[in-house]
Amino acid sequence: MLAINAKYVHSSLSAWILAESIPRFARVKHDVEVVEATINQSDEEIVSLVAAQSPDVVGISTYIWNAGKLPKLLELLRKLLPETVFVLGGPEATHNTEYWLANGADFVARGEGERSFPALLDELVDGETPNPIVESIPIDEFSNPCSEAYFASLKNKIAYLETSRGCPFSCAFCLSAGTNVRFMPIDKAFAQIDKLSKSGVRTIKFVDRTFNCDKARAYEIFEYVIDLDTDCCFHFEVAADLFDERTITLLSTAPHGRIQFEAGLQSFFPPALEASSRKTDLELAKQNLRALLRGDNIHIHVDLIAGLPYETLPDLANSFDRAYKIGAHHLQLGFLKLLHGSKLREQYENIIIHAETPPYEVICSPWLSADDLKIIKHTENALQRTYNQGRFLSTLKYVLETSNLRPFSLYRGLGEFAPNHGMHLDKYAELIYEHFATLPNVNPDELRDCMTVDWLERHNRKNMPNFLKNRRRDDG
């Protein structure tokens, strides 16, 4: 099994689940090895890692983060391993099957692969000629990838855990929309959580699409992880409007740093939500998120999507401002991706112009021009380099309150004045000061004081930018 992750700190749950399922479901004994690489490694290095195993069959999980790398990689693998069979699975292969069969894959395993992939391996050993499109065979019980080899692979990485599959909601931009939800038995979920919490990993991310769609079950798991004797942080993707008072009260008892939530709000513009089949009680979501934030023990991450149908730049700015005022620790301003297999792609592929290559990001639409998207990119850059990294927080608060600018306008202005793509932090800090000092009612001395405090809270005094050091000397 070959997994190509987006970053070194990521791990591949799917590869290890398949590795566990092969001996469980195959009729014939197969030797299984998992090779994990990243998109930042060269094709030649990845090919070398695979070739070292002398494989008869290579299974590869395809996602938007690695799909762009795969055609050339498969071409190189075929040259070096001409007798090897290549099987592609995962969402990209599942929903773009013909493309992959024409670009390096011998077989495409669509949907869930725990039963279908071992069955294909058996057929190949038996000398049969299987259909190149391998259809999913759903499983009744969840896999348990928690082997010694799996734990060894997790060193210094994030662990992923799946305790449910599917999602009851119908968001048109998501591949899990409207699929039946199946849950791992709660005792087995507890057992896997316990094992992972003792494996040495620091962060365990649940990949359940809407973790709290079953409120009672979510409560049980929250209660379990709160009571664990561990330093692990547990990350859940949740629908903020589904929390009830009982659950919020329980969560207020969690040890600091034990739990973090990612809550997708996506937009505050009703036509965009309706076009995306997104149903959220936004006022209740805001109320619940603020209640969780008051506990000061849970990290809250909220998401918006730029590029949804009907949402113009002013509409998006309004969504941004409303989301920002919730006060979450992280506000992700993402960009619409028209994924193969999504309802939104089916409905708007010829209306919303998007990149033809992964991750299929929006380029322009009847509601957002390319220039509008450039503005949003600048805004996102400034947000990411400051607020989302916990930098200059008191400075941002001071400037917002003093200038009376809306949050979107503030970050847009900073992003356009100082686009930061790898700029050294002390240089960026100086540009922040230079720009903010020109804003209405901002006092340059008070601004510098705020930035000095922020810098000293995060960084060594010796590394302080000269413009802040000089101010300190001038003050005696």
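S277 counts as partly exposed, at 34% relative accessibility; here buried means under 20% relative accessible area, exposed over 50% and partly exposed in between, computed with a 1.4 Å probe on protein chains only. The structure is a predicted model, in which local features need pLDDT of at least 70 and side-chain atom pairs count only at pLDDT 80 or more, whereas totals for chains, interfaces and linings use all residues. Residues are numbered from 1 along each chain as its sequence is written, and side-chain values use heavy atoms, with hydrogens and water left out.

S277 is placed in the loop between α11 (270–275) and α12 (282–294). Helices (H or I, at least four residues) and strands (E, at least two) are DSSP runs numbered from the N terminus. The phi angle of S277 is near 55°, a positive value in a residue other than glycine. A positive phi is also found for Y310, at about 80°, although Y310 is not a glycine. Y310 belongs to the loop between β13 and α13 and, with 39% relative accessibility, counts as partly exposed. The peptide bond that joins P358 and P359 is cis, with omega about 10°. P359 is located in the loop between β15 (353–354) and β16 (362–364). Most residues other than glycine have a negative phi, and most peptide bonds are trans.

Strand β13 spans residues 299–306, and seven of its eight residues are buried, so the strand is largely enclosed by the rest of the structure. Strands are taken to pair if DSSP finds at least two bridges between them. Strand β12 (residues 259–266) runs parallel to β13 and is joined to β13 by six bridges. Six bridges also join β13 to strand β14 (residues 330–335), again in parallel. D303 of β13 stands opposite G264, and the bridge partner of D303 in β14 is Q332. From β13 the chain passes through helix α13 (residues 313–324) to β14, and this β-α-β crossover is right-handed; that is, with the strands pointing away from the viewer, the path from the first strand over the helix to the second runs clockwise.

Salt bridges were assigned where a side-chain nitrogen of Lys or Arg lies within 4 Å of a carboxyl oxygen of Asp or Glu. The count by this rule is 23 salt bridges. One of them links R27 with D122, the closest N and O atoms being 4.0 Å apart. R27 lies in the loop between α1 (13–25) and β2 (35–38), and D122 in helix α6 (residues 116–125), so this pair ties together parts that are 95 residues apart in sequence. R27 counts as exposed, at 61% relative accessibility, whereas D122 counts as buried, at 3%. R27 also forms a salt bridge with D126, at 2.6 Å from N to O. D126 lies in the loop between α6 and β6 (133–134) and R27 in the loop between α1 and β2, so the pair ties together parts that are 99 residues apart in sequence. D126 is partly exposed, with a relative accessible area of 39%.

E75 counts as partly exposed, at 45% relative accessibility, and K79 as exposed, at 61%. A network of salt bridges links E112, E114, E162, R165 and R182.

Grid points are joined across faces, edges and corners, and a volume is the space filled by probe spheres set on the points. The second largest pocket has a volume of about 450 Å³. Its lining holds 20 residues, of which D31, V32, P55, D56 and V57 lie nearest the centre. The elements giving two or more residues to this lining are β3 (57–61) and α6, and α6 gives the most, with four residues. The lining of the second largest pocket divides into 13 nonpolar, four polar and three charged residues, where Ala, Val, Leu, Ile, Met, Phe, Trp, Tyr, Cys and Pro count as nonpolar, Asp, Glu, Lys and Arg as charged, and the others, Gly among them, as polar.

Conventions. On a 1 Å grid over the protein atoms alone, a cavity is a set of points where a 1.4 Å probe fits but cannot get out, and a pocket is an open set with protein on both sides within 12 Å along at least five of seven lines; lining residues have an atom within 4 Å of a point.
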